[in-house]
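Hello,

Here is the structure I promised to pass on. Please have a look at it first; my notes on what turned up follow below.

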There are 4 protein chains.
Amino acid sequence: MPKLLIKGKNMFYEIHGEGEPIVILNGIMMSTASWMPFIDAFSKNNKLILIDFVDQGKSDKMEVQYTQDFHVEMLNELFDRLNIEKVHLVGISYGGEVAQRFALKYEHRLLSLILSNTTSYTNRMLKDIGEGWIKAAETYDGSTFFKATMPYIYSRKFYEDNIHWLTEREKSFGVSLKQEWYDGFVRLVRSAEDLNITDELSKIKVPTFIIGAEYDATTPVKNQEKIQKRIENSKLIMIKDSGHAAMYEKPYEFAAAVLGFTRIYDKKFKIL
Amino acid sequence: MPKLLIKGKNMFYEIHGEGEPIVILNGIMMSTASWMPFIDAFSKNNKLILIDFVDQGKSDKMEVQYTQDFHVEMLNELFDRLNIEKVHLVGISYGGEVAQRFALKYEHRLLSLILSNTTSYTNRMLKDIGEGWIKAAETYDGSTFFKATMPYIYSRKFYEDNIHWLTEREKSFGVSLKQEWYDGFVRLVRSAEDLNITDELSKIKVPTFIIGAEYDATTPVKNQEKIQKRIENSKLIMIKDSGHAAMYEKPYEFAAAVLGFTRIYDKKFKIL
Amino acid sequence: MPKLLIKGKNMFYEIHGEGEPIVILNGIMMSTASWMPFIDAFSKNNKLILIDFVDQGKSDKMEVQYTQDFHVEMLNELFDRLNIEKVHLVGISYGGEVAQRFALKYEHRLLSLILSNTTSYTNRMLKDIGEGWIKAAETYDGSTFFKATMPYIYSRKFYEDNIHWLTEREKSFGVSLKQEWYDGFVRLVRSAEDLNITDELSKIKVPTFIIGAEYDATTPVKNQEKIQKRIENSKLIMIKDSGHAAMYEKPYEFAAAVLGFTRIYDKKFKIL
Amino acid sequence: MPKLLIKGKNMFYEIHGEGEPIVILNGIMMSTASWMPFIDAFSKNNKLILIDFVDQGKSDKMEVQYTQDFHVEMLNELFDRLNIEKVHLVGISYGGEVAQRFALKYEHRLLSLILSNTTSYTNRMLKDIGEGWIKAAETYDGSTFFKATMPYIYSRKFYEDNIHWLTEREKSFGVSLKQEWYDGFVRLVRSAEDLNITDELSKIKVPTFIIGAEYDATTPVKNQEKIQKRIENSKLIMIKDSGHAAMYEKPYEFAAAVLGFTRIYDKKFKIL
C-alpha cells in the first residue's frame, strides 16, 4: 500500500494509468475506496491520483486539530515527492474547499481546477449542520450518525429508490466505523469551520470548471454560481435530478463533465 | 384560557374576529403562539381559530402513541362543540398532513383547503430526518436539538441574515423546552411516520390552494406539485426565496396567498 | 358607455362595486373586455376601475406617437375627474410599465402597487421582439400577426391544451382587427421602447407586490426579481406552470395574489 | 471542396482528424461553417465529420418539399460511401431531431447519440413559431427575418451583452442571404412540422447523452427531460445561463459535455 510520510503523518495514495495527472480530493465522508468504480474511466488517458486526507481512509489519524491549510501543504509536498509538476485538481465538497485553497496558494501547479458541489464559505447554516454532525458523531452510534447525515447527502428520489442499499449501509456504519473514525470525522468538520475565501477567489486565473447538482440542498447551485462569478472565465454545468453526492447519484454525468473539461481546458473557442 | 376536554384531553384554542372561519393547523414545532403576528390580518374579515394539537403548546400531553387520525377526530369534535359548520382549513407542514386527512374524512365541513409546505407521504428521507430529530430530542439537550432541526426549517439566506435571532432561540431552547415537551415532540413525529395518502387525494373535491416555497428542501415544491396533480382543480403558487417555514420567512406573501384564496375560492373565472 | 375627454382624447373606463379602489392597467393586446371574468371577484369588496389606454379597446386612437408618460398623465387626470383620491394600482406587462411610471410620479395617489409579468427596462431582446411584432402588424394580416405574437404570450402547455381556442382566436384576428387597430398597436409598442427606469425604482416606497410566472419567457421571473430588489420591502410570488399571460392561464392564482395583497398591504407582521 | 452526389443532390461535408468518428448535425440556421471554432478541440482525438443538410450551407438546394427522413437516408448513404461504420452522432436542435430519427432507423451505426437543445415533437407552439419564421422568410427581408427569429435563439443576457455583434449580424443577413437561402429555410422548417416520435424513443438502446440549457425557451429543459425519460439509461446535463443556441453561448460547457461523453459512453460505473 503506497503511503508517504509527510509532516509526520502517513498519507495514503493510489496511482492508476498514465497521462496528464488528475488528482481527486474526497468529500468529507469519502475515501480513495469511493472512487473504485471510476478508476477505469479516469485512468484510461490520464494518470489518476487518489489520496486520503489525514483522518480519512487509510491515511493516519491526527492527534490535534488542524485547518484545511494542513491538507494543502501535505498535497503540495506529495506532488513534490512524486515528481508531479502540474495536475488537474478535482475537488468534491470538502475536497473542493481544499482544492480552492490549494489554487490560491499553489496555482502554478494546476493545469485546471474542477470543483463539484462545494462552497467557498462555511455559512451559518453549514456551520450548524456541521455542529449537528459532530454531536451525532460523538455518540459513536452508527444509526444516530447515519440519520443525522444522509438526508443532507442524497436527493429524495435517490433515497427512495435505493432504500435497501441505504439500510444496509446504515447497518454497516454500526459495524465498521470505529471510535477513531468518528474522532477523525469531527476534526475534519472542525477544519472547515473557518472557511471564508469567497473574496479571494478572483485571484484564481487557472481554467476552472464547476459542477452543481439540481437538488443539492447542502451546497446548492447558488453556491456554485457564486464561485463561478468570482473566478474569471470559469465554466459551470448542472447535473439534473441529483443531490449533493452527484458523483455517486449521477456517475456518468459527473465523469463526462470532468473528463470532458480536461480535454478542452486549454482550448480557445472564438465564437464572436 | 379556552380549552375543551375532548376524548379525555384538553385542547387549547383561540378565537379572534367574526366571519367565515379560518382554522390554522400548526407545523410540528409550532403552537398557537406562533401565529400572534398574523392575528390582526387574519381576523379582520374572518373568525380566526387557532388550535394546539395534543402534545403542542397549551394542549394536554398524551401518554400513549397516536396517529394523525386522532387529531382529525379531535378537530371534528371541536368544530361540533363550537357550533362551527364549515371552515377554511389551513395546514402548515405537519398541520397540512392533518388537513389532508381531515379533508378525506370530513370534506363536507370544508369551505376550502389550504396547504402550505406539506406532503402526502412520509418518504424514506423524511422518515430518516424524523428519526434523526427523535434521536436529538431524546438527548433533552436544547442545543443538540436545535442543530439537528433548524437547518431543515429555514433557507440559508434567512439563516445567515438572522443568525443573532437564531442564536438567541437556540439558547431559549435550552431554557424553556422541558423533557415533557421533547417527549411530546417525539410522539408527534411518530404519528406522521405512516403517512401515505397520495393515491387517495383524488377524492378531494373541495377548492384547494397549495403554497410551496422555492428553497424548501424538506417538503420541496415537487411535493406540492404532486399534491396539486392529484387534487382536481387545485391551485398552486410558489413563494420565492424562502425555506420550509414560508409563513415565517415570508409572512406577507403567505398571508396574501391565504387570504386571497379565501376571497375567491368559490368564484368562477370563465376565461376560455 | 362611460368615457371622459382628457387631453383631447376620449378615455373609456368602467366602474364596478364599492370599496377601496382597484385600478387595472391592461397588457398591450388587452382591453377592458379582457377583465370580464374577473369583475365579480374584484368588485365584491372593492371599487373596480377598468380603463382602456388610448389606442386600446374603446378609447380613442391617437394620431401621433406618444410615450408612456402620456398614459400616466391621462390616468392622473381621470382619477381627479372621478374624485378618486387613492387606489391600488395593478399593472399587467405593458400596464405594469405604466404603473411603475405612475408610482414614480404620483406615488401619493397609491394605496399599493401591484405588478404582474412586467419589466422596468425594454432590453435589446424585448426591443427586437417589439420590432418583430411591428413588422407583423404592418402586414395587417391576422394570421401573420398571430404567429408572430402568440408564442411569446402563452406557455407551451397552455398552447397545446387550448389549440382549438387559439385557432378560433387566430381566425377572429383576421376578421375583427382593423387597420386602425394595428396602427394603434404599433404606437403602443413604440411608446415602450425607451423604458429604462430600473435605477429609479428605489424611490418607490409604497407597498408593492410583484407577480411572476414560471414559464414567462418574455418578462421572466428574473425581471420580477430585479424589480423586487429595487423596491424596498416589495413582495414577490411566482405562479407555477404559466406563461406571460398569467392572469389568463392561471386566473385563480392571479386573483388570489392580487386580492390577498390588497387585504394585507398595510399590515405589520412582526415575526422576529 | 468535398461533396458527394447522393440521391441526386450534392452533399457537402468536411473531415478533420482521426479516431472514433464524431458526426455533427446542424441546427436549422447553421452550417458547417458554424463549427469552425470547435474543429481543433473536436478533431484532436476523433475523426470529426461536419455536414450540411440539403438546403443548408454548401449542399445543394432542393426543388421539392421533403421530410427529415430524407436527411436520414442521405446520412446513411454518406457513411457507406465514406466507409464509416459507426459514429458518435451529435444533433443540435433540428439536427437533434434528425439524429433521433436516424437512431430509430440505423441504431447499429451509432456508438452513441448526443442530443442538444432539441425535441421529439413539433408541438403546436413550435409549429406556430415555425409558421411565423416562414412568413418572415417569405418577405426575403433580412431585418424582418432577424427580428422574427433571433429572440427565440439566444438568452436575453447574451442578447444584451452582444448587441453590437447581433446588429452586425442583422446587417449581414440583408446582404448575404439570398432568396434561394430563404426558400431552403422554409423547406427545412416544413420538413420538421410532422415530427412526433416521442412514443418511439423507448426503442433506442444506444448510450444517449442529452444537453439542455437553462433559458432555452424554444426547446426547454422540460423537453430534454421528456426525451431522457423515454430513452433508457440516457444521461442529462444542463448548461446554466444559456439560451437555445447553447453551443454558441457556452461553447466550453457544450464541448466538455460532448467530448466527455464520447470518452465514457461505453464504461460501467457500478456504484451500488
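**Where the chains meet**

Chain C and chain D bury about 2,600 Å² between them, and carbon and sulfur atoms account for 57% of that area. Buried area here is the accessible area (1.4 Å probe) that two parts lose on being put together, summed over both. On the chain C side, C:Met125, C:Lys147 and C:Arg156 give up the most area to chain D, together 30% of what that side buries.

Before going further, the ground rules: this is a predicted model, where local features need pLDDT of at least 70 and side-chain atom pairs count only at pLDDT 80 or more, while totals for chains, interfaces and linings use all residues. Residues are numbered from 1 along each chain as its sequence is written, chains are lettered from A and ligands numbered from 1 in the order in which they are written, and side-chain values use heavy atoms, with hydrogens and water left out.

Back to chains C and D. In terms of contact (heavy atoms within 4.5 Å), 29 residues of chain C meet 29 residues of chain D. There are 2 salt bridges between chain C and chain D, a salt bridge being a side-chain nitrogen of Lys or Arg within 4 Å of a carboxyl oxygen of Asp or Glu. C:Lys147 pairs with D:Asp128 in a salt bridge, with the closest N and O atoms 2.8 Å apart. Helices H4 (124-137), H5 (142-153), H6 (156-161) and H9 (221-230) of chain C each supply at least two residues of the side that touches chain D. H4(C) gives the most to that side, with 8 residues. Helices and strands are DSSP runs numbered from the N terminus (helices: H or I, at least four residues; strands: E, at least two).

The other interface I looked at joins chain D and chain A. About 3,800 Å² is buried there, 67% of it from carbon and sulfur atoms. D:Tyr252, D:Arg263 and D:Phe269 lose the most area on the chain D side, together 22% of what that side buries. 39 residues of chain D are in contact with 39 residues of chain A. The rule finds 2 salt bridges across this interface; A:Glu225 and D:Lys240 meet in a salt bridge at 3.1 Å, N to O. Among the elements of chain D that each supply at least two residues to the side touching chain A are strand S8 (235-239) and helix H11 (251-264). H11(D) gives the most to that side, with 11 residues.

Which chains do not touch? Chain B and chain D do not, their nearest C-alpha atoms being 14 Å apart. No contact joins chain A and chain C either, and their closest C-alpha atoms also lie 14 Å apart.

**Aromatic pairs**

The whole structure holds 109 aromatic pairs over all chains. Rings of Phe, Tyr and Trp (its six-membered ring) pair if their centres lie within 6.5 Å; planes under 30 degrees apart count as stacked, over 60 as edge-to-face and the rest as tilted. B:Phe146 and B:Phe173 form an edge-to-face pair, 5.4 Å centre to centre with 80° between the planes. B:Phe146 sits in helix H5 (residues 142-153) of chain B and B:Phe173 in helix H7 (residues 163-176) of chain B, so the pair ties together parts 27 residues apart in sequence. B:Phe146 is buried at 0% relative accessible area, and B:Phe173 is buried at 8%; buried means under 20%, exposed over 50%, partly exposed in between (1.4 Å probe, protein chains only).

Happy browsing!
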